[in-house]
Amino acid sequence: MNDTSTAALRLGDRNGLPDDIAFLRANYPRGDWRTHANFGRLADFWLQVHASLRHEGSEVSRIMHAFRERQLGGEQFQRAFVPRLNGFLQHLDQHHRIEDDAYFPKFRQLDQRLVTGFDLLESDHALIHHQLVTTVEHARGLLSALSSPGDAARRAADAYTGEAETLLDLLLKHLADEEDLVIPAMLHHGERPLI
Ligand SMILES: [Fe+2]
Ligand SMILES: [Fe+2]
């Protein structure tokens with residue numbers, strides 16, 4: 001790939017994976033995954049983890065929305081927000097580490113044609129991690145602004161929300177693209193070489 005096409009495939013800029021990277025996708029349509037003979041425990045677990053990350057991310061957004069709509073006071077907000085944000089970001093970080101260290105190398109070994117796609121997913125993780133760090137910094141700023149006078153907390157909540165929305169947008173795109181590579185590859189090759 002040349003530099004221009006690589007740049008266009010950055011997570012923030014692309015709209016799904018191109019067919020030459022997700023080359024098994026057309027043969028294994030999403031709606032048929034669960035009834036395929038090779039759909040096994042690992043594929044099911046992978047999709048469950050992704051569903052749980054989507055859910056945790058939306059729960060954090062819901063609490064922030066309630067605070068910005070003044071349905072939650074500062075203390076109530078903090079009690080609901082801190083454990084959920086921590087849980088979500090820890091689970092996300094752990095999931096990406098396991099993928100980078102344990103699973104992605106196995107997919108690359110499974111089929112040379114998968115290498116480009118898994119390199120791209122790994123670079124998605126780096127971008128998401130960078131945005132995660134920025135989001136945490138803004139969350140800390142918000143928590144310390146909760147006890148400040150005036151509208152400091154409101155402004156900090158707005159700033160946090162902008163960064164958190166970027167993080168969630170990136171994550172949702174990444175999860176969908178990753179599923180388009182991972183699940184068809186499992187159905188095609190079976191799960192045994194990956195376990
Ligand atoms: Fe991932
Ligand atoms: Fe994943």
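Reader: Are E99 and H125 buried or exposed?
Author: Both are buried, meaning under 20% relative accessible area with a 1.4 Å probe, protein chains only. Bear in mind that this is a predicted model, where local features need pLDDT of at least 70, side-chain atom pairs count only at pLDDT 80 or more, and totals for chains, interfaces and linings use all residues. Residues are numbered from 1 along each chain as written, chains are lettered from A and ligands numbered from 1 in written order, and side-chain values use heavy atoms, without hydrogens and water.
Reader: What coordinates the iron ion (ligand 1)?
Author: E99 (OE), H125 (NE2), H174 (NE2) and E178 (OE), at 2.0 to 2.2 Å. Donors are N, O and S atoms within 2.8 Å of the metal (3.2 Å for Na, K and Ca); water is not among the atoms, so the site may look incomplete.
Reader: What spacing do those donors follow along the chain?
Author: E-x25-H-x48-H-x3-E. E99 sits in helix α3 (residues 74-110) and H125 in helix α4 (residues 115-145), 26 residues apart. Helices here are DSSP runs of H or I, at least four residues, numbered from the N terminus.
Reader: How far is the iron ion (ligand 1) from the iron ion (ligand 2), and which residue coordinates both?
Author: They are 3.4 Å apart, and E99 coordinates both.
Reader: New topic. Which residues line the largest cavity?
Author: I21, A22, F23, L24, R25, L114, D180, L181, P184 and A185. A cavity is a set of points on a 1 Å grid over the protein atoms alone where a 1.4 Å probe fits but cannot get out, and lining residues have an atom within 4 Å of a point.
Reader: What's its volume?
Author: The largest cavity has about 30 Å³, counted as the space filled by probe spheres set on the points, with points joined across faces, edges and corners.

Note on methods: Helix = DSSP H or I, 4+ residues; strand = E, 2+ residues; numbered from the N terminus. Buried < 20%, exposed > 50% of the residue type's maximum accessible area, 1.4 Å probe, protein only. 1 Å grid on protein atoms, 1.4 Å probe; cavity = no way out; pocket = protein on both sides within 12 Å on 5 of 7 lines; lining within 4 Å.
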